[in-house]
Amino acid sequence: MFPASRYSAKAHRCIRALKTVQLEHAAPQQYTTINRRTCSSVTTPRITTHYTIHSRDKDPRWEGIEMERFADEADVVIVGGGPAGLSAAIRLKQLANEQEKELRVCLVEKASQIGAHTLSGACLEPSALTELIPDWKERGAPLNTPVTEDVFSLLTEKHTIPIPILPGLPMVNHGNYIVRLGNFVRWLGEQAEELGVEIYPGYAASEVLFHEDGSVKGIATNDVGIAKDGSPKDVFERGMELHAKVTLFGEGCHGHLAKQLYKQFNLRENCEPQTYAIGLKEVWTIDEKKWRPGRVEHSVGWPLNRNTYGGSFLYHLDEGEPLVALGFVVGLDYSNPYLSPFREFQRWKHHPSVAPTLEGGTRIGYGARALNEGGIQSIPKLTFPGGLLMGCSPGFMNVPKIKGTHTAMKSGMLAAEAIFPKITAENPESETLGLHVPEYAENLKKSWVWKELYAVRNIRPSFHNYFGLYGGMVYTGVFYWICRGKEPWTLKHAGLDADQLKPAKECTPIEYPKPDGKISFDLLSSVALSGTNHEGDQPAHLTLKNDSVPVERNLAIYDGPEQRFCPAGVYEYVPLETGDGMRLQINAQNCVHCKTCDIKDPSQNINWVVPEGGGGPAYNGM
């Protein structure tokens, strides 16, 4: 996996063992065992066995197990093989080649291959790409579908009300391309490798490492070979450590390492809480007679009520066959615990403006991912000794545009340009062992990224008014179109999404129609299309801080909302074997790594951590 010349013999043995474990446990297994533990004289079914909750130091099964980790050094370590991480890697190697400098750049990605966990609409604005790789067309970038038609509508249950897209509004897509972002990211990975970036897919960064002075030292990849009951298997191996002068964190939305960094360096002290949405997507082949390559359709309104933020997209791709990408986005600040984003999506497809396109077609892909929607108000401090945050991890998405790829790429490029002079200096000046590069945040605030996000800062929070959707649309039409974001105020968000749910007794259950198996589908058949798989004999990576909270609080007060907001059927409440109550069952193998549970859990009791590297969805160009 790693270049042979740069590793010790012990490190080679460790790497070979890691790969052996991955191969030996590629076949899925069912998670069926439920252990029990006693807690304060109340018996609760034991759910969480992960070592981040139950320390191995106090577990006799781990006595005598070799826990040494082998380490390697790089100039820069990048966490995450998405648009931000790959753009940073490419820009670093471009600068090194231009100045004839030796620079070792290592990138780790939890997916089994670059692009396998990437999911987006996606309508790509090519501005950052053109800056990074001006000859991208000649290099064969998979941007095959220029936008030819823009449609925006307000839906009622049976009707479609067209809304004009005025020049200058964020929804104008002239000059953009409809892409399958996984394919584009895979192409970016190829460009990075050609420049000499070392890319290691299938190895999840599970831990941030620190120097004694508190600065970031690097990361450790996850341990492998742990049984689902938390005990070591015969093939257990510790992960590896990767140390660097600077570590760039580009994990994507709600990264689990970023959460640790927020606390360690108090990065969210001077910003608002991040707010999120969940985006669900399908890819279909349709009747060629209904295919209009380059057409972009967006809608708001039905089936959501006026106080639930969200909308839809329907993109016609031109890739040699009649394909459409369609999806539904629901803001995770919704209040009704009975709402199911997945079932809202399935219901939307039956609208008279959507169903005719899909009739007679075949669904070939499904996936889901959380999105940052906080905008500039919710961006944390971006730099700290030894590292920085970039891409969708801190949240550079332009919400009204429904685009974040171009801003993520530019943030990665600016990160590379800021750190390069310091990591290549013969005598770098730094008060800490891990280099601190505050110039990155300063340069970002001078860039078009900051200007773009500042201009649209009030559009998303403007929906928090009595009229909801309609008030937000009026605000956008009046203040944004006239003032172009120059109004002398900045609106605030409602707070943490997890705090917005009302008790079930205060809400009306939502009756969803049964799927017809032609246009709308059930959850499990949808997850099957995502290619999701995890090694079955490992601790569930959906960890609970307290195993009793789901039944005692989430089920008792909110009627178990995790079984509805999860887009993959991970969470189920099932009867106890004794018949005198309920327990939460976590089907961790279904997890598509969307992070919605970690965000929306009203008790903030769920902590998403990485599973064994290579696990998760296998999106085919989603």
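I looked up strand β24 (residues 571-575) and found that it pairs with β25 in the antiparallel sense over five bridges, where pairing requires that DSSP finds at least two bridges between two strands. Strands (E, at least two residues) and helices (H or I, at least four) are DSSP runs, numbered from the N terminus. Opposite Gln585 in β25 I found Glu572. Six residues lie between the strands of this hairpin, and Gly579 takes a positive phi near 80° there.

I noted that the model is predicted, with local features needing pLDDT of at least 70 and side-chain atom pairs counting only at pLDDT 80 or more, while totals for chains, interfaces and linings use all residues. Residues are numbered from 1 along each chain as its sequence is written, and side-chain values use heavy atoms, without hydrogens and water.

Is β25 enclosed or open? Four of the five residues of β25 (residues 582-586) are buried, so the strand is largely enclosed by the rest of the structure; buried means under 20% relative accessible area, exposed over 50%, and partly exposed in between (1.4 Å probe, protein chains only).

Next I turned to Thr407, which lies in helix α8 (residues 405-424) and is buried, with a relative accessible area of 0%. Not counting residues up to four places away in sequence, Thr407 touches Phe396, Met397, Trp448, Val449 and Glu452, contact meaning heavy atoms within 4.5 Å.

Last, I looked up the largest nonpolar core, which has 79 residues, with Phe249 and Tyr440 having the most contacts inside it. Helix α8 gives the most to this core, with ten residues. A nonpolar core is a set of buried Ala, Val, Leu, Ile, Met, Phe, Trp, Tyr and Cys residues joined through side-chain atoms within 4.5 Å.
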